[in-house]
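Subject: Structure handover

Hello,

Here is the structure we talked about. My notes on what was found in it follow below.

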Amino acid sequence: VQLVESGGGLVQPGGSLTLSCAASDSSFSVREMGWYRQAPGKQRQFVARITTGGNTYYVDSVKGRFTISRDNAKNTVTLRMNSLKPEDTAVYYCNKISYPMWDWGRGTQVAVSS
């Protein structure tokens, strides 16, 4: 399975970005999907997930600022990020939630700085 993340960039604090992830697996629509991030010098951590039915869950630090969504027809999952903070700086990845996980993509870099 190939995962391709895109949409990252450099943004000022308070700004917004929309990340997108395309998955090549035909089983995408029956997979619970998630976004993860890895900040410099830290382990990869969970950020948000979306069930096959569209229910969403977020880590406390992004609640109210990030929104995860999915388009099963296009095999894509999106992360809309508002009110970005410097501590959101990381490489962002998508993957399914259940183990074993698919091979990780290259991620997309998000940098929040003035």
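Met 33 stands opposite Ile 50, a residue of β5. The model is a predicted one. Strands β4 (residues 33–38) and β5 (residues 45–50) run antiparallel and are joined by 5 bridges.

Which sheet do these strands belong to? An open sheet of 6 strands, in the order β2-β10-β9-β4-β5-β6, includes both β4 and β5. The pairing in this sheet is mixed. At the edges are β2 (9–11) and β6 (56–58), each of which pairs on one side only. From one strand to the next, the twist averages 25°. As background, the strands of a sheet pair through backbone hydrogen bonds, and the pairing is either parallel or antiparallel.

The other notes concern Thr 108. This residue lies in strand β10, which covers residues 108–112. Is Thr 108 buried or exposed? Its relative accessibility is 9%, and buried means under 20%, so Thr 108 counts as buried.

What is Thr 108 in contact with, leaving aside its neighbours within four places in sequence? The list is Glu 5, Ser 6, Gly 7, Gly 8, Leu 19, Ala 90, Val 91 and Tyr 92.

Arg 37 is 71 residues from Thr 108 in sequence, while their C-alpha atoms are 9.3 Å apart in space.

Regards

Note on methods. Residues numbered from 1 in each chain as written. Predicted model: local features only at pLDDT ≥ 70, side-chain atom pairs only at ≥ 80, totals over all residues. Heavy atoms only, no water. Helix = DSSP H or I, 4+ residues; strand = E, 2+ residues; numbered from the N terminus. Buried < 20%, exposed > 50% of the residue type's maximum accessible area, 1.4 Å probe, protein only. Contact = heavy atoms within 4.5 Å. Pairing = 2+ DSSP bridges. Axes fitted to C-alpha atoms, helices over the stretch in contact; angles between N-to-C directions.
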